[in-house]
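Hi everyone, thanks for making time for this.

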Amino acid sequence: MLRNSNNSSVLIKLAILDASTGSFKGPYPVRYKTGTLLREFITRLAPWIDSKRARFFTNLSNSSVDQIRGTIRSSSDWCHILVVVNTDADTKDELLKHLANTNKKKISSFLSSTSSDILETSVSIKRVKGDVLVQSESGEVFKGIMSFKREESGFSFYYHTEKELKMINASDTAQKKEHSLTAFTDIASKTDNFCFEYIVSAVKAGDAIIVEHEKSGQVELKTFLLEPGSELCYRDSGNRINLMRLPELYKGVSLRFAFRMNPPKDHFIEPSFLKAYKLIHKLSKSKGLEPSAIFRLDEGEYAISAYKDNRVYVYRFREADDSFEQLISFPHSSSLENMVYLKSVGAFLVSFPESPAIYLIEPQIEKPKNVENLFNPGPKDFSAYGSVVDMVVLNSTSDSEVVILCQEKRITYHIIQDIGEIDDS
């Protein structure tokens with residue numbers, strides 16, 4: 001295990017390479033005091049390495065170095081130090097030329113000074129590759145993601161605009177078919193479509209779609225059940241299942257918040273609202289905070305963002321011991337609106353209300369890092385597609401995951417994976 005010094009002052013990335021075998025370890029976030037001789041630094045940090053015979057390379061220059069001086073890290077860029085044993089190379093070019101293919105791409109990326117598709121945190125370096133799922137062509141405004149499901153032939157994706165419920169069937173992101181879902185006004189009706197004035201939020205649970213919408217200035221919940229034998233037609237349940245009294249019983253709980261905390265497998269949604277209401281009440285009572293976004297980390301474990309006195313807080317809540325643990329806190333002019341945890345990089349991807357940008361936040365870093373360029377597969381600036389209104393993460397593991405971002409004018413699909421595992425062709 002690396003021995004990290006408490007006297008260091010700057011956070012950097014360190015990796016260790018055995019050039020004779022191609023063995024690559026790291027990267028590790030460690031603290032380095034500017035100007036310290038790297039041989040002394042690595043002797044204290046990893047005493048099993050013969051520092052007298054090691055070479056040191058960075059992403060700041062081509063030649064090997066003995067120490068690093070000056071400002072070595074900005075708010076968005078990391079200094080990388082590669083400790084190499086069993087090599088006579090004096091430059092990065094020489095080192096890479098004689099390396100075997102094993103980990104060569106990863107080492108090259110680690111030593112690169114710039115890379116437009118690299119997502120980097122204090123504990124990870126990943127590559128991001130994205131594509132557009134759907135883009136607004138007629139002025140419609142996208143408002144949220146209802147569900148995303150893998151199929152044998154590809155995937156099915158449900159989302160909504162301000163006035164419509166929609167679905168995409170696709171074998172891949174290049175071959176997709178977009179459909180508008182029909183919502184009938186009554187179980188007996190076969191002709192009258194339900195006309196939404198404004199859809200606040202909508203979620204899909206099994207064969208039901210629950211819609212939170214505004215009607216004549218009032219917010220109500222409607223449950224639509226899938227028509228037997230159909231994939232695109234849903235009928236209003238008449239709210240005999242989804243009681244209209246839910247918003248009154250659980251004031252302050254949005255449909256999206258309730259479902260992100262406790263997603264049901266069918267249309268019985270009261271347990272989701274009850275669980276969310278209890279959590280909100282508990283956080284308010286114990287911390288004096290009102291939550292703004294939630295992400296389900298694991299069974300019985302949640303990340304919750306809250307806001308007070310121009311400061312954003314992110315807590316972890318565990319049901320097992322009924323406890324809140326503060327993970328992150330930073331000053332900001334508004335609360336978080338959306339938040340997902342990226343397990344593969346150990347950080348949160350977040351957005352703020354009415355903001356056409358996305359940020360990365362993590363416990364080790366004092367302020368949010370703008371990462372919109374990494375999640376922009378289109379030719380225009382990220383902001384040209386409007387505010388970020390929703391985001392979800394899928395297939396989350398310590399190695400990779402998929403993120404879906406919903407902006408007002410497009411919805412995009414992004415793969416976050418280890419360097420070298422994504423085909424660049």
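Let's start at a hairpin: strands β20 and β21 form one, with four residues between them. In that turn sits G346, which has a positive phi of about 65°. Strands here are DSSP runs of E with at least two residues, helices are runs of H or I with at least four residues, and both are numbered from the N terminus. Strand β20 covers residues 338-342, strand β21 covers residues 347-351, and the two run antiparallel, joined by five bridges. We say that two strands pair if DSSP finds at least two bridges between them.

Before going on, a word about what you are looking at. This is a predicted model, in which local features need pLDDT of at least 70 and side-chain atom pairs count only at pLDDT 80 or more, while totals for chains, interfaces and linings use all residues. Residues are numbered from 1 along each chain as its sequence is written, and side-chain values use heavy atoms, with hydrogens and water left out.

Back to β20: is this strand mostly covered or mostly open? It is mostly covered, since four of its five residues are buried. Buried means under 20% relative accessible area, exposed means over 50%, and partly exposed is in between, using a 1.4 Å probe and protein chains only.

That brings us to the largest nonpolar core, which has 34 residues. A nonpolar core is a set of buried Ala, Val, Leu, Ile, Met, Phe, Trp, Tyr and Cys residues joined through side-chain atoms within 4.5 Å. Which members touch the most others? They are L119, L336, M339, L342, L349, I358 and F375. Several elements give two or more residues to this core, including β20, β21, β24 and β25 (401-407). The largest share, four residues, comes from β21.

Take F375 as an example. Leaving aside its neighbours within four places in sequence, F375 is in contact with L119, V128, L349, I358, F382, L405, R410, H414 and I416. Contact means heavy atoms within 4.5 Å. Apart from this core lies another one, of 28 residues, among them I210, I294, F317 and F324.

Now let's step back to the whole chain. Its secondary structure comes to six helices and 26 strands. Of its 425 residues, 51% count as buried. Among contacts between residues at least 6 apart in sequence, 52% join residues at least 24 apart.

Next, a sheet. Five strands form an open sheet with mixed pairing, in the order β11-β15-β14-β13-β12. The edges are β11 (182-184) and β12 (198-205), each with a single partner strand, so one side of each is left without a neighbour in the sheet. Inside the order, β14 (residues 218-226) and β15 (residues 233-236) pair in the antiparallel sense over three bridges. There, L225 stands opposite R235 in β15.

Finally, charges. Side chains of opposite charge can pair when their charged atoms come close. The structure holds 15 salt bridges, where a salt bridge is a side-chain nitrogen of Lys or Arg within 4 Å of a carboxyl oxygen of Asp or Glu. One of them joins K13 and E120, at 3.0 Å from N to O. This pair links distant parts of the chain, with K13 in strand β1 (residues 10-18) and E120 in strand β5 (residues 118-121), 107 residues apart. K13 counts as buried because its relative accessibility is 0%, and E120 is buried too, at 10%.

Another bridge joins D390 and R260, with their closest N and O atoms 3.2 Å apart. D390 lies in strand β24 (residues 388-394) and R260 in helix α5 (residues 255-261), so the pair ties together parts that are 130 residues apart in sequence. Is D390 buried or exposed? D390 is buried, with a relative accessible area of 0%, whereas R260 is partly exposed at 25%.

R55 and D90 also form a salt bridge, their closest N and O atoms being 2.6 Å apart. Here R55 is partly exposed at 22%, and so is D90 at 41%.
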